[in-house]
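Could you walk me through this model in my viewer, one selection at a time? I would like to know what to pick next and what is there.

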Amino acid sequence: GFGAFLVSAEVLEQADYLYSCADTEKLYQLLLQFKDSDDAEFLWRLARASRDLSLLPNIEAGRKKQLTFEAFEYAKKALEKDEQCFAAHKWYAVCLSDIGDYEGVKVKIGNSYIIREHLERAIELNPKDATSLHILGYWCFAFAELPWYQRKVAAVIFSSPPVSTYEEALEFFLKAEEVDPNFYSKNLLMLGKTYLAMKDEQKALLWLTKAKEYPAHTLEDKEVHKEVVELLKKLA
């Protein structure tokens, strides 16, 4: 009833606060209590928190793998509970991609179609979600960049392996920036890298400079900053 609704609204508010503070361990412990919930809003957040925990630098390899697969199960359950939840589609896609790292190239390439479908669905359900646009751009970039020998492997396994172009990747990265300017250091970096791949050094320089000036709050921001500095050295 209404009491339960209030409790869940309060927990979600607390969860989102912990997420904004990057208090990953605490957030995971909070949401873990709701792992048997029927509410997709809890489940996709638990998937994201499990994944974030798996990405912490000091995590032990066995634990990392366990969390990666757990995250996928929570995302899958979120999707089963609510097909209309954009975040469930997004994290299902992300977590499916993560488990591919453990399951080899064949599975990874097979999954890539499904990943794209769910990202597109997430964007359809929420066109203003910059992160989904970014991840789809990243998907396109990865397949545009796929080395020829992997393409050969893919062509042997699948009659039509996934293909994309830098132009398509660029479109999604720019769209993400338009929806939510400066939301993510990595989107700025990827814009720079995409323009580099397209041999447009001037525009690459513009975005890489923006990425360099981005205030580094998270561990990922710091890694992005390091990569940006390296790329700018090469361009100088």
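## Stop 1: helix 11

Please keep in mind that this is a predicted model. Start by selecting residues 219–235, which make up helix 11: its 17 residues reach 25 Å from the first C-alpha to the last, close to the 24 Å expected at 1.5 Å a residue.

Now show side chains and colour Asp221, Val224, Val228, Leu231 and Leu232, which are the buried residues of helix 11. They cover an arc of only 100° around the axis, so they sit on the same side of helix 11. Turn to the other side of helix 11 and you will find Glu223, Lys226, Lys233 and Lys234, which are exposed.

While you are here, click on Glu227, another residue of helix 11. With a relative accessible area of 31%, Glu227 is partly exposed. Show what surrounds Glu227 and, leaving aside neighbours within four places in sequence, you will see contacts with Leu189 and Lys193.

## Stop 2

As background, nonpolar side chains in soluble globular proteins tend to be buried together.

Zoom in on Leu31 next. Which residues is Leu31 in contact with, leaving aside its neighbours within four places in sequence? Look for Ala15, Phe42, Arg45, Leu46 and Ala49.

## Stop 3: helix 5 and its kink

Select helix 5 on its own and draw a line between its end C-alpha atoms. Helix 5 has 40 residues, yet these ends are only 5 Å apart, short of the 58 Å that a straight helix would reach at 1.5 Å a residue. Where is the kink in helix 5 centred? Click on Gly104: the kink there is about 145°.

## Stop 4

Not counting residues up to four places away in sequence, His89 touches Leu79, Glu83, His118, Arg121, Ala122 and Leu125. For His118, leaving aside neighbours within four places, the contacts are Leu79, His89, Tyr92 and Ala93. One more distance to draw is from His89 to Ala122: the pair is 33 residues apart in sequence and 5.4 Å apart in space, C-alpha to C-alpha.

## Stop 4: helix 8

Move on to helix 8 (166–179). Helix 8 has 14 residues and reaches 20 Å from its first C-alpha to its last, close to the 20 Å expected at 1.5 Å a residue. Colour its buried residues: Ala169, Leu170, Phe172, Phe173, Ala176 and Glu177. They cover an arc of only 165° around the axis, which puts them on the same side of helix 8. Glu171 and Glu178 are exposed on the other side of helix 8.

To see what the buried residues of helix 8 pack against, bring in helix 5, helix 6 (130–145), helix 9 and helix 10.

## Stop 5: two loops

Finish with two loop residues. Asn182 is in the loop between helix 8 and helix 9, and has a positive phi of about 65° although it is not a glycine. At 44% relative accessibility, Asn182 counts as partly exposed.

Then select Lys199, in the loop between helix 9 and helix 10. Lys199 is not a glycine, but it has a positive phi of about 65°. Lys199 counts as exposed, at 71% relative accessibility.

Technical notes. Residues numbered from 1 in each chain as written. Predicted model: local features only at pLDDT ≥ 70, side-chain atom pairs only at ≥ 80, totals over all residues. Heavy atoms only, no water. Helix = DSSP H or I, 4+ residues; strand = E, 2+ residues; numbered from the N terminus. Expected span 1.5 Å × (residues − 1). Buried < 20%, exposed > 50% of the residue type's maximum accessible area, 1.4 Å probe, protein only. Arc of directions from axis to C-beta. Contact = heavy atoms within 4.5 Å. Bend = angle between axes of the 7 residues up to and from the residue.
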